[in-house]
Amino acid sequence: MRLPTRVLMADLTSRRFTVEDRADLFQYYIGGAGVAISLLNEYCPKGADPLGSDNPIVFAVGPLVGLYPLASKTVAMFKSPLTGNLGESHAGGRSAVAIRSAGYGAIVIRGASASPVYLSIGDKGVQFRDASGIWGIASSVTTGRIIRELETGAGTRTIMRIGGAGERLVRYASVITETYRHFGRLGLGAVFGSKKLKAITISGDHAFEVSDRRLYRETYDDIYRRAVESPVMKKYHDIGTASNIMPLNLQKGLPTMNLKTTTSPEAENISGEKLAENYLGRRVACAHCPVACIHIAALREPYEKEPYFYKTTMIPYDYELIYALGSMLGVFDEKAMLHLIDDVEIWGLDAMSTGVVLSWATEAMEKGLIGQNDTLGLSFKWGDEPTYAKAVEYIVKQPNEFYTALARGVDHASKRYGGEDYALAFGGNEMPGYHTGPVSHVGYLTGSRHSHLDAAGYSIDQAALKDKLPDPKAAAAKLLKEEAWRQILSSLVVCFFARGIYDKDTVAKSLETAGHKVAPEALDDKGMEILREKNRFKEREGFKASELRIPGRVFETASPLGKIDEKYLRESVEEFYRLLYA
Amino acid sequence: MTRLTVVDADRCVGCQLCMFACNRRFGEGGLAKSAIRVRSAGGFERGFVVVACRACPDPPCMKVCPVDALESRKGGGVVLKAGKCIGCHRCAEACPMHAIFWDDEANKPDICVHCGYCVNYCPHEVLAMKEVEQL
């Protein structure tokens, strides 16, 4: 069989599974995001409680996975407990190749277990394993270590798991895979937790046929050569995404201290260059990716009370983590920042949401909206990492009303305590680390995930530093075109870092060898259709573009392109949705 | 004769391109028939182990084959005569490196032939083809 069209359906309530051939879906929607949104539409009833047994978890991979370099991602879809509508998150690690090697194109998990469970998935289906002995383990790292010893498949398996944040239903809890990759955004970890699902391990040994062996090898060599020779790929390999810190700080587009400002003289301490020079301990890659963008710091520190006794902690860092847990919180001491990243990783929280929630709390405290009676005695101050670390623990454990509110996200917390003008979320999802100009914000508002990855609005802003800023309507058209195309990439499923390599012809050619014939010019329409499906799901669950809240802070703090005009944003957002359904 | 050599496993990023390359020799995607394997050394934080045939001059796998399906390869290692193989797994059990893998579908061992194809796809200089050096 060529295309990965089998869908594994696992029900946690009845502890049964079935396998269905859904060639119908894969033929039309390719795989990944396209298939995932169809399955979500099919299995998520309207108005489902995101933390109820009705909410399905969908994982989907695509026809290029396991065949071509950089086709390394799995798309997860679910109803988000953070935004109440579309939850979509992508992760690499070994997840994608593992799912396809186990013989599946997608996995749908439904129902909820009465007692803690973990799933062991292979080509013979699902083993429902008792997880009562590992439930309550707060560390996502420890959970991974235990399952690694319990299960087979070393080298090719994926181990997806949650930490304490997922168990405690923090609305922005993540699912961690292979220690350093995440289904980070929009709360998949809480959906796992609500189903008493601690982990999933998947492995298999299937081979994938191609339609034309010679053409396959030729196409492979062409993609491989371009991947290893590309300067963009070199950037991700050398310093990694953290190489963006210095340019953004220089352009004054690096959100700092809850976006009160966009630059800091101390930013160099937490720059990719400094971290590489002093801490970079290892680079690792997702399966089938020559780039190895995953940068891991080795932090060697003494135990305080015992001389000559050291521990070395391996802590992953990326641009968004440095923004959210560094500049946004004024934590410019690199060791302190690495500690905070480590804490957030271990508990299994989304780093971006956590940083934005805490930066709002710090400003709310400055302004007297919250006091130490709310924070259980903590006094939030920019740069005070030990206090933030304690707050992270409280967000997970939710010992009082205040931390319970923080665990629901910054939108919710600011509705309860005030300070909505500087509660930096878009569509309920906390802001990414680019205050580059108006188009980045139009992207956060209109993107189906409210993420910078939806359509890369920041790159349009950055181009406007040298050229002219497009008018609001032209900006909307550009964003829409990019986001529609990204639906194709995330249906294959190719890492967005490889978007320069997988142009339309390359996509069509590689798909053909994978057994999926499609004309290059038909891809645009398909991408747009997938994007519409995603937006229809959002609207079905109550999303209204006209009611999008834009935090006033966005207009107060100048971007590299000057102050942002609210009218520009509103006009562009309106145009985006007009074009989407045109 | 050269053989596949793991020159520096510390440079390995775990991308597994070598594994995919090995499998691609059979004109397929995936990893089912790969005769080289990369796994973490107990979690990604600890780095990677590259498991590959070292082309023993006196191969233990060959000695235990009950049907003489493994023949000595010039320059070390073995060549599988698949027609003779009865799929008994003894060769895989005898390899101290655990470098003989199993093709469940065919019920035959996957054994490195030291062709060097994987080396072409290692972007991080972990693998090379080198002459066998004797101590």
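The contact between the chains takes 24 residues from chain B and 35 residues from chain A, where two residues are in contact if their C-beta atoms, placed from the backbone, lie within 7 Å. This is a predicted model, in which local features need pLDDT of at least 70 and side-chain atom pairs count only at pLDDT 80 or more, whereas totals for chains, interfaces and linings use all residues. Residues are numbered from 1 along each chain as its sequence is written, while chains are lettered from A and ligands numbered from 1 in the order in which they are written.

On the side of chain B that touches chain A, α1 (17-24), β2 (29-30) and β3 (37-40) of chain B each supply at least two residues; here helices (H or I, at least four residues) and strands (E, at least two) are DSSP runs, numbered from the N terminus. The residues of that side of chain B divide into 10 nonpolar, seven polar and seven charged, given that Ala, Val, Leu, Ile, Met, Phe, Trp, Tyr, Cys and Pro count as nonpolar, Asp, Glu, Lys and Arg as charged, and the others, Gly among them, as polar. Strand pairing also links the chains, for β13 (residues 207-208) of chain A and β2(B) pair in the antiparallel sense over two bridges, with Gly29(B) as the bridge partner of Phe208(A). Two strands are taken to pair if DSSP finds at least two bridges between them.

Within chain A, six strands form an open sheet of mixed pairing in the order β2-β1-β6-β3-β4-β5. β2 (16-21) and β5 of chain A stand at its edges, each with a single partner strand, so one side of each is left without a neighbour in the sheet. The twist of this sheet averages 15 degrees from one strand to the next; axes are lines fitted to C-alpha atoms, for helices over the stretch in contact, and angles run from 0 to 180 degrees between N-to-C directions. Strand β3 (residues 57-60) of chain A pairs with β6 (residues 106-110) of chain A in the antiparallel sense over four bridges, and Phe59(A) stands opposite Ile107(A) in β6(A). Three bridges likewise join β3(A) to β4 (residues 74-79) of chain A in an antiparallel arrangement, where Val58(A) has Met77(A) as its bridge partner.

Another open sheet of six strands with mixed pairing has the order β8-β7-β12-β9-β10-β11 in chain A. Its edge strands are β8 (125-130) and β11 (181-183) of chain A, each pairing on one side only, and its twist averages 20 degrees from one strand to the next. Helix α4 (residues 140-150) of chain A packs on this sheet, touching β7 (117-122), β9 (158-161), β10 and β12 (197-202) of chain A, and its direction makes about 140 degrees with that of β9(A).

Among the helices of chain A, α2 (residues 32-43) and α19 (residues 472-492) pack at an angle of about 90 degrees, with their axes 5 Å apart. That makes α2(A) roughly perpendicular to α19(A), a term that covers angles of 65 to 115 degrees. In this contact Gly32(A), Ala33(A) and Gly34(A) of α2(A) meet Gln487(A), Ser490(A), Ser491(A) and Leu492(A) of α19(A). The buried residues of α21 (523-540) of chain A, including Leu523(A) and Phe537(A), pack against several elements, among them α2 and α19 of chain A.

The backbone exceptions include a cis peptide bond that joins Leu492(A) and Val493(A), with omega about -5 degrees.

| Residue | Phi | Location |
|---|---|---|
| Met257(A) | about 45 degrees | loop between α9 (245-251) and α10 (272-278) of chain A |

Notes:
Angles under 35 degrees count as roughly parallel, over 145 as roughly antiparallel, 65 to 115 as roughly perpendicular and the rest as oblique. A residue is buried if 20 or more other C-beta atoms lie within 10 Å of its own, exposed if 12 or fewer, and partly exposed in between; C-beta atoms are placed from the backbone.
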